[in-house]
Amino acid sequence: MKKVLAFTGAVMMAALALTGCTKKETKTASSDGKKVITVGYAQVGAESDWRLANTESFKSTFTEANGYKLIFDDAQQKQENQIKAIRNFISQEVDYIVVAPVVETGWETVLEEAKAAGIPVILSDREMKLSDDSLYLCWVGGNFLKEGRDAVAWLDAYLKSVGRDKEDINIIDLQGTIGASAQIGRTQGLEEGVAARPNWHLIAQQTGEFTQAKGQEVMESLLKQYSDIDVVYCENDNMAFGAIDAIKAAGKVPGKDIILISFDAVREAFMRTQAGEINCLAECNPLHGPRVDEIIKTLEKGGTVDKKQYVTEGVFDVNGVGGAVKVSDALPTRKY
């Protein structure tokens with residue numbers, strides 16, 4: 001009898017240990033008796049047009065008509081707010097937690113709490129650095145390093161097309177929030193490109209925190225420090241918009257006197273590229289809601305999903321340099 005009890009206890013302990021890898025049963029039901037899946041989404045904030053499009057993608061996907069109840073939380077760019085939101089989701093016994101992490105580190109404790117509660121965690125947009133990858137189910141987003149490398153490849157092709165590939169090229173990097181996955185990948189892509197080209201010089205790197213106001217402030221300061229800037233590599237569109245205002249205020253022409261490369265490729269950035277103010281857009285697709293919906297529905301049917309799931313992204317400019325898509329071709333069907 002003791003052997004049977006010991007065996008039963010061991011089985012129960014093993015089952016508890018696996019709670020983080022299994023989905024707990026959904027309990028919520030709608031008024032018509034159909035199962036409703038509750039999703040808690042801890043968003044970074046509303047710092048950019050891209051982020052607003054990302055939020056709207058989730059809100060328009062996780063609707064009652066689609067079988068969901070969405071609990072949305074705006075962290076206002078603060079990790080402590082996201083951690084608090086995740087704990088609130090756990091206490092409300094949501095079925096899934098989606099997080100777009102402000103930074104990559106410092107998540108182990110709260111994710112262990114989610115795992116103990118049997119709630120799968122899906123990462124959106126940005127990644128986390130964890131000692132145990134089983135603390136989250138999967139990640140959905142853009143390939144930030146590839147985005148950076150694609151932008152560098154475009155710049156290389158563009159300089160060749162205008163006969164400037166042998167010149168010394170001075171580059172400013174307006175970085176995003178330091179420690180965010182997008183900043184890390186895009187910065188690395190640029191640094192690799194500069195290291196491979198002796199005539200490219202990365203003369204300054206400074207964070208604009210992914211916001212237009214900070215991007216303008218930093219660019220104004222850098223224009224006073226450096227008189228010979230060839231390229232500004234803006235790690236998101238809103239910082240590029242701020243940089244454009246600063247460049248104009250300094251009496252220079254954005255897109256002509258200074259080459260501008262930007263990331264995200266929201267509609268306004270397309271319009272500014274078409275107007276000649278931005279030279280290249282490296283896309284970061286914000287429409288993650290439908291992909292997360294697909295993941296959850298697969299899990300609800302008992303299926304499995306890949307750990308990493310990239311969204312489709314491209315490079316855009318006016319003339320199709322280096323294989324880029326022309327903005328005039330893409331703009332009519334642009335959804336964000």
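User: What should be kept in mind about the numbering and the model before the values are read?

Analyst: Residues are numbered from 1 along each chain as its sequence is written, and side-chain values use heavy atoms, with hydrogens and water left out. Because the model is predicted, local features need pLDDT of at least 70 and side-chain atom pairs count only at pLDDT 80 or more, whereas totals for chains, interfaces and linings use all residues.

User: How many helices and strands are there, and what makes a run of residues count as one?

Analyst: The protein has 11 helices and 13 strands, which are DSSP runs numbered from the N terminus, a helix being H or I over at least four residues and a strand being E over at least two. The C-alpha atoms fill a box of roughly 85 × 45 × 35 Å, taken along the principal axes.

User: What share of the residues is buried, and what does buried mean here?

Analyst: Buried means under 20% relative accessible area, exposed means over 50%, and partly exposed lies in between, with a 1.4 Å probe and protein chains only; by that rule, buried residues make up 51% of the 336 residues.

User: Why is a set of 57 residues called a nonpolar core?

Analyst: The name applies because a nonpolar core is a set of buried Ala, Val, Leu, Ile, Met, Phe, Trp, Tyr and Cys residues joined through side-chain atoms within 4.5 Å. The largest such set has 57 residues, and Ile97, Met219 and Val232 have the most contacts inside it. Helix H8 (residues 237–249) gives the most to this core, with seven residues. Apart from it lies another core of 21 residues, among them Trp154, Ile169, Ala282 and Val315.

User: Which residues does Ile97 touch beyond its neighbours within four places in sequence?

Analyst: Contact means heavy atoms within 4.5 Å, and, with those neighbours left aside, the residues in contact with Ile97 include Gly40, Phe89, Ala114, Pro120 and Ile122.

User: How do you know that Asp156 and Arg197 are joined by a polar contact?

Analyst: A polar contact is a pair of N or O atoms within 3.5 Å; within protein, one must be able to donate a hydrogen and the other to accept it, and residues adjacent in sequence count only if both atoms are side-chain atoms. The side chains of Asp156 and Arg197 are joined at 3.1 Å, and therefore the pair falls within the 3.5 Å limit. Asp156 has its place in helix H5 (residues 144–161), and, leaving aside neighbours within four places in sequence, Asp156 is in contact with Arg197 and Trp200.

User: What makes one space a cavity and another a pocket?

Analyst: On a 1 Å grid over the protein atoms alone, a cavity is a set of points where a 1.4 Å probe fits but cannot get out, while a pocket is an open set with protein on both sides within 12 Å along at least five of seven lines; lining residues have an atom within 4 Å of a point. Grid points are joined across faces, edges and corners, and a volume is the space filled by probe spheres set on the points. The largest pocket holds about 200 Å³.
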